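Biologist: I would like to go through this model and ask what stands behind the words used for it. Please set each value against its definition.

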Amino acid sequence: MVKKSLEFRHLEAFRAIMRSGTVTGAGAMLGISQPAVSRLLSQTEALAGFPLFERVRGRLVPTTTAQALHEETERVFIGIEEVAALAERLRAQSPRRVVIASLPTLTLTLLPAAVVAWRAEGRRETLSIHSRAAGGVLGLVASRQADLGIGVSVPNIPGVRSSPLIRTRGWCVMAPGHRLAAKPVVRAGDFDGEAYIALSREEGRQALIEEALRGSGARPLESLECRMTAGAVAMAAAGLGITIADSLAASAYLHQGLVLRPFEPAVTFHYHLIWPEEVRDTFGRAVLAQSIRNAARAVVDRVAAQVAAS
């Protein structure tokens, strides 16, 4: 006997329940009756082989396994919605849509100026910008869901090409009035006993800092960890501790009086442009890539000039 599998209508009902929190709400979203949603939910749990919800005070609370299933389900629906949007653009003969996957920090600091320069070249394509962590950027490019990615160091993955974007030094970042702000150069040993905001361990950034601190004997007091470097900078600007960040992450907060000092031993952050291999350039990828490089260099130079003048 062939085992039945989940169908689209099961996933649709599951998604609606996850969004609304009730069978009644899911029925309203889908335009079907409450009993129909209940039947679909029972079938979904039977086919999945595990419970998806617990009833708590009249609401359906998703289980841990339901949360995991929902993450994958969302990808399915996003893909369907993107296909529908593509069909509509083809029907209307609209310009091609270009998908850029970028680290959140770079979305804020580089892409506005880069896109302005790219548009100045006469490009009419629609841009869709997806901000993701480093793994998400790489995943979108590797699966050919993104035309261009901006991320950190890229492992050697078949089907993905990369090119260095920029290398930028790490600064010691702190709020005005911090005791280390009086130093022209902050050294690893100065971190001893200081409240410290850690960087992303997933992306390997914190490992760079720990390597720099290893020989100094310093023991900073880690108070926070921020996967997004710009978030660590914001926390430092609020006086919650010191951190190490590059010019691209720190640039958006300089107007708040943020203090940047050279850090020794030097820590260098590497950024790369990545794109799917053997995909024809139909949107001016080289021009857009150069615009991103120019924007990155402009930010790094501007921050270096401000630090030198402070």
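Modeller: Helix α6 (residues 111-120) packs against α11 at an angle of about 135 degrees, and their axes are 8 Å apart. Axes here are lines fitted to C-alpha atoms, for helices over the stretch in contact, and angles run from 0 to 180 degrees between N-to-C directions.

Biologist: What makes α6 oblique to α11?

Modeller: Angles under 35 degrees count as roughly parallel, over 145 as roughly antiparallel, 65 to 115 as roughly perpendicular and the rest as oblique. The angle is about 135 degrees, so α6 is oblique to α11. Their crossing is right-handed; that is the word if the near helix is turned clockwise from the far one by less than a right angle, and left-handed if anticlockwise.

Biologist: Which residues make the contact between α6 and α11?

Modeller: From α6 they are Leu111, Ala113, Ala114, Ala117 and Trp118, and from α11 Val287, Leu288, Ser291, Ile292 and Ala295. Contact means heavy atoms within 4.5 Å. Of these residues, nine are nonpolar, one is polar and none is charged. Ala, Val, Leu, Ile, Met, Phe, Trp, Tyr, Cys and Pro count as nonpolar, Asp, Glu, Lys and Arg as charged, and the others, Gly among them, as polar.

Biologist: Where do the helix names and the numbers come from?

Modeller: Helices (H or I, at least four residues) and strands (E, at least two) are DSSP runs, numbered from the N terminus. Residues are numbered from 1 along each chain as its sequence is written, and side-chain values use heavy atoms, with hydrogens and water left out. The model is predicted: local features need pLDDT of at least 70, side-chain atom pairs count only at pLDDT 80 or more, and totals for chains, interfaces and linings use all residues. The protein has 11 helices and 12 strands.

Biologist: How do you know that the span of α11 is close to the expected one?

Modeller: The expected span is 1.5 Å times one less than the number of residues. Helix α11 (residues 285-309) has 25 residues and an expected 36 Å, and it reaches 36 Å from its first C-alpha to its last.

Biologist: Why are α1 and α2 called oblique?

Modeller: The axes of helix α1 (residues 8-20) and helix α2 (residues 23-30) cross at roughly 120 degrees and come within 8 Å. The pair is therefore oblique. The crossing of α1 and α2 is right-handed. Glu12, Ala13, Ala16, Ile17, Arg19 and Ser20 of α1 meet Gly25, Ala26, Met29 and Leu30 of α2. This contact has six nonpolar, two polar and two charged residues.

Biologist: Why does Ser251 count as buried?

Modeller: Buried means under 20% relative accessible area, exposed over 50%, and partly exposed in between (1.4 Å probe, protein chains only). Ser251 has 14% relative accessibility, so it counts as buried. Ser251 lies in the loop between α10 and β11 (259-264). Neighbours within four places in sequence aside, Ser251 is in contact with Thr109, Val299, Arg302 and Val303.

Biologist: What makes Asp147 buried?

Modeller: Its relative accessible area is 13%, so Asp147 is buried. Asp147 sits in the loop between α7 (134-142) and β5 (148-151). The C-alpha atoms of Asp147 and Val98 are separated by 6.3 Å, though the two are 49 residues apart along the chain.

Biologist: What makes α9 mostly covered?

Modeller: Seven of the nine residues of helix α9 (residues 229-237) are buried. Among the elements covering them are β6 (160-174) and α8 (205-214).
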